[in-house]
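Visitor: I have a protein model open and want to learn to read it. Where do we start?

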Amino acid sequence: MTDKKLILGIDPGCTGSVVILDEDNNYIDHLLMPTLKTGKSNRVNGVAVMAFLSQYKISHAYLEKVHSMPQQGVASTFNFGHAAGVIEGIIQGMMIPYTLITPQLWKKKAGLIGKDKDEARSMAIRLYPSIRVLDKKGHGQALADSILIARFGK
């Protein structure tokens, strides 16, 4: 275990992820968002997220600030907001200091404004070539976003 401060980056949502980096941006661990089936919907498994986070002494969390988007359906908007709320509630309940960071801000700091969506994953692969999950399109994209949120949230 490291004595360095640990930073948490969170891409909320049922297809998101959380990542832990140290204060020097070294990769420590990640969790692809665990989910539970509730009727026809998926919900974030908050118990699994808490169990993962409780293994670490997190100094600060950066959580992507989410909002509804045009053309997004009512049910998907609700599910996304619910997932983000569960994650924010866990962070608050665990008394982890956190900052909400807009996608525009972390993407601007990462130099990704105006770039293809997959450029975030490519950047994360270049920064952390040993993290094999980044090679996968869906899971890799979520992990890449959470890595970049952690790195550029500061």
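**Reading a salt bridge**

Guide: The term means a side-chain nitrogen of Lys or Arg within 4 Å of a carboxyl oxygen of Asp or Glu. D118 lies in the loop between α3 and α4 (119-127) and K137 in helix α5, so the pair ties together parts 19 residues apart in sequence. This is a predicted model, where local features need pLDDT of at least 70, side-chain atom pairs count only at pLDDT 80 or more, and totals for chains, interfaces and linings use all residues. Residues are numbered from 1 along each chain as its sequence is written, and side-chain values use heavy atoms, leaving out hydrogens and water.

Visitor: Is K137 buried or exposed?

Guide: Learn the cut-offs: buried means under 20% relative accessible area, exposed over 50%, and partly exposed in between, using a 1.4 Å probe and protein chains only. K137 is exposed, with a relative accessible area of 56%. D118 counts as buried, at 17% relative accessibility.

Visitor: Which residues does the network of salt bridges with shared partners join?

Guide: D118, R121 and K137 are joined into one network. D118 forms a salt bridge with R121, and the closest N and O atoms are 2.8 Å apart. Both D118 and R121 are buried.

Visitor: How many salt bridges does a search of the whole structure find?

Guide: The search finds five. One of them joins D24 and K4, with the closest N and O atoms 2.4 Å apart. This pair links distant parts of the chain: D24 is in the loop between β2 (17-22) and β3 (27-32), K4 is in the segment before β1 (6-11), and they are 20 residues apart. D24 counts as partly exposed, at 44% relative accessibility. K4 also counts as partly exposed, at 33%.

**Reading strands**

Visitor: How do I read strand labels and pairing?

Guide: Labels come from DSSP runs, numbered from the N terminus: helices are H or I with at least four residues, strands are E with at least two. Two strands pair if DSSP finds at least two bridges between them. Six bridges join β1 to β2, which run antiparallel. There, I7 stands opposite L21 in β2. Five bridges join β2 to β3, also antiparallel. I20 stands opposite D29 in β3.

Visitor: Which way do the residues of β2 point?

Guide: First the general idea. In a regular strand the side chains alternate between the two faces of the sheet. Now the case here. S17, V19 and L21 point one way from β2, and V18, I20 and D22 point the other way. Six of the six residues of β2 are buried, so the strand is largely enclosed by the rest of the structure.

Visitor: What should I look for in the hairpins?

Guide: Look at the residues between the strands. The hairpin of β1 and β2 has five, and G13 takes a positive phi near 115°. The hairpin of β2 and β3 has four, and N25 in the turn has a positive phi of about 70°. N25 is buried, with a relative accessible area of 17%. Leaving out residues up to four places away in sequence, N25 touches Y128, R151 and K154. Contact here means heavy atoms within 4.5 Å.

Visitor: How do β4 and β5 pair?

Guide: Strand β4 (residues 35-38) and strand β5 (residues 41-44) pair in the antiparallel sense over four bridges. K37 has N42 in β5 as its bridge partner. Their hairpin has two residues between the strands, and G39 takes a positive phi near 65°. S41 is in strand β5. S41 touches L36 and N79, not counting residues up to four places away in sequence. The C-alpha atoms of S41 and G153 are separated by 30 Å, and these residues are 112 apart along the chain.

**Reading a pocket**

Visitor: How is a pocket found?

Guide: Rolling a probe the size of a water molecule over the atoms shows where empty space is left. On a 1 Å grid over the protein atoms alone, using a 1.4 Å probe, a pocket is an open set of points with protein on both sides within 12 Å along at least five of seven lines; lining residues have an atom within 4 Å of a point.

Visitor: Which residues lie nearest the centre of the largest pocket?

Guide: They are D11, E64, F80, K117 and D145, from a lining of 29 residues. Helices α2 (74-93), α3 (103-109) and α5 (137-153) each supply at least two residues of that lining.
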